[in-house]
Amino acid sequence: MKFKDTKYGDLTGQHYMGSILVNGLGLTSLEGAPREVSGSFNCSDNNLTSLEYGPDYVSGYYNATGNKNLTSLKGCATTIKGAFWCDKSSIKQSDVLNEIITNAIRAERYMVDKVIFNWNSSLKDDIDRHKNLKTQVKSKGFRSMLGLDK
């Protein structure tokens with residue numbers, strides 16, 4: 001089932017006023033989702049393998065938790081004014097920060113595999129530059145990158 005097959009219909013390229021709740025519907029694709037959401041976007045607990053075709057901008061939270069077949073954050077909104085949640089996916093914990101930086105996902109805070117971290121200037125710099133993160137994650141580990149192993 002695609003997003004455009006939900007009660008929202010095909011909103012491709014549009015700005016949607018309000019929150020969108022398409023959690024637990026068995027979605028396999030976000031094809032037909034709006035470009036912008038003035039509210040929150042909840043696509044949790046579906047069968048998504050990617051976030052492609054999803055919104056580019058979300059003014060609230062973006063919840064992609066529980067998509068166990070999700071292997072990449074490619075296509076995720078690049079601006080999220082609230083939190084970005086992505087627990088219980090197939091993305092390895094050690095690759096999550098790299099995925100966030102590679103795909104330039106900017107959120108107020110992130111919740112990934114029960115780890116919560118906030119937007120900060122060093123993360124912003126890494127996202128802006130896309131520089132040396134994969135090497136850092138491999139050498140230091142994910143928890144170390146977040147300063148959680150001290």
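Me: Which residues does Thr 6 touch, not counting residues up to four places away in sequence?

Reply: Start with contacts. They show what surrounds a residue. This model is predicted. In it, Thr 6 touches Met 1, Val 22, Leu 25 and Leu 27, leaving out residues up to four places away in sequence.

Me: Where does Thr 6 lie?

Reply: Thr 6 sits in the segment before strand S1 (15-17).

Me: Is Thr 6 buried or exposed?

Reply: Look at the relative accessible area. Under 20% means buried. Thr 6 has 12%, so Thr 6 is buried.

Me: What lies 2.7 Å from a polar atom of the Thr 6 side chain?

Reply: The backbone oxygen of Phe 3.

Me: Now Asn 42. Is Asn 42 buried or exposed?

Reply: Use the cut-off again. Asn 42 has 8% relative accessibility, so Asn 42 counts as buried. Asn 42 is part of strand S4 (residues 41-42). Beyond four places in sequence, its contacts are Ile 20, Leu 21, Val 22, Asn 23, Tyr 61 and Asn 63.

Me: What about nonpolar side chains in soluble globular proteins?

Reply: They tend to be buried together. Here, the largest nonpolar core has 29 residues. Those touching the most other members are Leu 30, Phe 41, Cys 43, Leu 51, Tyr 62, Leu 73 and Phe 84. Strand S7 (79-85), helix H1 (93-102) and strand S8 (106-112) are the elements that each give two or more residues to this core.

Me: Which residues does Phe 41 touch?

Reply: Skip residues up to four places away in sequence. Phe 41 then touches Phe 3, Ile 20, Leu 30, Ala 33, Pro 55, Val 58, Tyr 61, Tyr 62 and Asn 63.

Technical notes
Residues numbered from 1 in each chain as written. Predicted model: local features only at pLDDT ≥ 70, side-chain atom pairs only at ≥ 80, totals over all residues. Heavy atoms only, no water. Core = buried A, V, L, I, M, F, W, Y, C linked by side-chain atoms within 4.5 Å. Buried < 20%, exposed > 50% of the residue type's maximum accessible area, 1.4 Å probe, protein only. Helix = DSSP H or I, 4+ residues; strand = E, 2+ residues; numbered from the N terminus. Contact = heavy atoms within 4.5 Å. Polar contact = N/O pair within 3.5 Å; in protein donor to acceptor, adjacent residues only side chain to side chain.
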